[in-house]
Amino acid sequence: MRYRRYLILAVLLGLLISACSKQGHRLADEALSKGDYEKAAEYYTEELKKTQADVHLRNNLGITYMRLARYDDAFRELQKAIAIDPNYAKAHYNLGLVYYHKGLLGKEVEEYKKAIAIDPEYKIARMNLASAYLAKGEKALAEKEYNWVIEKEPENKKALYNLGLIYSETKRRDEAILMFERYIKLEPKGKLSDKAREYLRKLKTKDKK
Amino acid sequence: MKRKKRMFNLLGHKRFPLVIFTSAFLFLMASHIYALHELEKIAVIKKEIKEYDAGLKAIQIKKQEIISKQDVLTSEIKSLKEALKKGGSIIKEVQLKEALKNLRSLIMDIDRLDDEEEALEKKIKGKKGLLSEKMALEIDELINAGTGLYKQNKEKEADALYKKALAMMDEHRRLLGELTQFEVKKRNLSIIEIPRTGFESHAELIEMSLILNRDVKKIEKEANDLKETLNSLKKEKGLTQNMMRFQGVAERDDAVRKGNGLLKRLKDIDGKIILLEKEIVRYKEAASKLRRLSRELMEDAKKKGMKR
């Protein structure tokens, strides 16, 4: 009987701690989504004192530091998140972003690739990998990634527009025309629609010639 | 069956923990030595680069000193020549001959220093390339070691290694920048007009002509190097402009706008291209002027040879 009382007490205490922790988590996440990064960093750091090996907390603290342009701190947190769970794709993706901000293109590509290897459906990682490939001047590899995205998400405007450009630059007019037409159909009045129309017009004129 | 028994014996052996401990210790020591080895290699390469840099600076200072001497000597020769035109004097003639001899020797010295400078610059570039490779490997090693320590709950030690990795990453990025950036150095191309007395011997004229011809080749080679740099810059410009056309390439992180960075980069490249194009014209002009002077000297030498 006496033991049962202790057991109930322990369970209650556990629930209380868990509730407090969830509260801290929630506050931190809210601050992060509101863009109050200083506060978010404070909450996450506080939370991590209680549970050091929480991969989500580490990852989110990494994002928070990145938003505060504290890239070295972000790097450390994300490395720890990866140490806790090497298969946590988001941490690899965010680490890729940190490398992007630090101007380390090679490392950036490596991390996006790791994220995609873990989660092949990771679209943003694929989009960023394609962008990084373009920054390296590797159009064929970028094209492969954009095509993958379009197959899964046929209305991805960014991928359509960029593929249009890649096809146009690599002299594949029909494909380029198709991509720009699809883009304009989806976004007739977007900020790049006029440019897309211009490319389309040029491509069609060349065709006639 | 026997093997199983042996294994069982090993596991049950009272020294088994000792064996495990010793193996782990040896493994850790080996990895530590390996890490140290790589870091030591990096330190050695850095030291070599530092030494080469110091050597390069010493050569440049020496070259500058000789160029200053050359300027003084050239004006001295000019005034001696003027004096000789007004009225000959054997002393002045001897002085002029001596001054010309010294000038030729200075030109030879500059040539030699130019060669040494070029060789050192090549060595430095090679060493920097090697350093870059070693650093890339070391960065990965440091990150892996940091992760290993973090997994062992040694957060502070892990942080220290991550810090080292970050510092090395920054250093590596700077190094890569140095290796790929196109520094446009404005070189002093003042053409040495070897003052003529009209009394030069056939051999002296040939020697002077050959010196100038060597300079022509050197300047032409440098002009070609500049052209290559210009082409690379134009390629980089194309790539940057292309990046700006695509969506999301300049701004891979939606939360941060970085487009202006690319515009700045483009502006920098444009500035360098303008400077390089001007430099190439200057080099070409210098080379053609020197070639003309060299030919004139050679023709005079031929005439003198025929008279003899």
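# Close-up views of a predicted two-chain model

**View 1. Helix α4(A) crosses helix α3 (residues 90-151) of chain B.** The axes of the two helices come within 9 Å and cross at roughly 65°. Axes here are lines fitted to C-alpha atoms, for helices over the stretch in contact, and angles run from 0 to 180 degrees between N-to-C directions. Helices (H or I, at least four residues) and strands (E, at least two) are DSSP runs, numbered from the N terminus. This is a predicted model, in which local features need pLDDT of at least 70, side-chain atom pairs count only at pLDDT 80 or more, and totals for chains, interfaces and linings use all residues. Residues are numbered from 1 along each chain as its sequence is written, while chains are lettered from A and ligands numbered from 1 in the order in which they are written. α4(A) passes α3(B) in a right-handed crossing; a crossing is left-handed if the near helix is turned anticlockwise from the far one by less than a right angle, and right-handed if clockwise. A:Gln79, A:Lys80, A:Ile82 and A:Ala83 of α4(A) make the contact with B:Ile143, B:Gly146, B:Thr147, B:Tyr150 and B:Lys151 of α3(B). Two residues are in contact if their C-beta atoms, placed from the backbone, lie within 7 Å.

**View 2. The two chains touch through 26 residues of chain A and 20 residues of chain B.** On the side of chain A that touches chain B, the elements giving two or more residues are α4 (71-84), α5, α7 and α9 (157-169) of chain A. The largest share of that side, seven residues, comes from α4(A).

**View 3. Helices α5 (residues 89-102) and α6 (residues 105-118) of chain A pack against each other.** Their axes come within 8 Å and cross at roughly 165°. α5(A) and α6(A) are therefore roughly antiparallel to each other (angles under 35 degrees count as roughly parallel, over 145 as roughly antiparallel, 65 to 115 as roughly perpendicular and the rest as oblique). The crossing of α5(A) and α6(A) is left-handed. From α5(A), the residues that meet α6(A) are A:Ala89, A:His92, A:Tyr93, A:Leu95, A:Gly96, A:Tyr99 and A:Tyr100. Their partners in α6(A) are A:Lys107, A:Glu108, A:Glu111, A:Tyr112, A:Lys114, A:Ala115 and A:Ile118.

**View 4. Helix α7(A) is largely enclosed by the rest of the structure, because 11 of its 14 residues are buried.** A residue is buried if 20 or more other C-beta atoms lie within 10 Å of its own, exposed if 12 or fewer, and partly exposed in between, with C-beta atoms placed from the backbone. The buried residues of α7(A) include A:Arg126, A:Asn128 and A:Ser131, as well as A:Leu129, A:Tyr133 and A:Leu134. What covers the buried residues of α7(A) includes α5, α6, α8 (139-152) and α9 of chain A, together with α5 of chain B. From its first C-alpha to its last, α7(A) reaches 20 Å, close to the 20 Å expected at 1.5 Å a residue; the expected span is 1.5 Å times one less than the number of residues. A:Gly137, which has a positive phi near 85°, follows α7(A).

**View 5. The largest nonpolar core has 72 residues.** Helix α7 (residues 123-136) of chain A gives the largest share of this core, eight residues. A nonpolar core is a set of buried Ala, Val, Leu, Ile, Met, Phe, Trp, Tyr and Cys residues joined through C-beta atoms within 7 Å. The residues with the most contacts inside the largest core are A:Leu78, A:Val98, A:Tyr112, A:Leu129 and B:Ala165. Not counting residues up to four places away in sequence, B:Ala165 touches B:Ile139, B:Leu142, B:Ile143 and B:Gly146.

**View 6. Helix α5 (residues 202-245) of chain B has 44 residues.** From first C-alpha to last, α5(B) reaches 64 Å, close to the 64 Å expected at 1.5 Å a residue. Its buried residues include B:Leu205, B:Met208, B:Ile211 and B:Leu212, and also B:Glu204, B:Asp215 and B:Glu222. B:Asn213 lies in the helix and, with 17 C-beta neighbours inside 10 Å, counts as partly exposed. The C-alpha atoms of B:Asn213 and B:Arg292 are separated by 9.4 Å, although the residues are 79 apart along the chain. Chain B has six helices and zero strands, and 16% of its 308 residues count as buried.

**View 7. A:Leu57 sits in helix α3 (residues 55-67) of chain A.** With 26 C-beta neighbours inside 10 Å, A:Leu57 counts as buried. Leaving aside its neighbours within four places in sequence, A:Leu57 is in contact with A:Tyr44, A:Glu47, A:Leu48 and A:Thr51.
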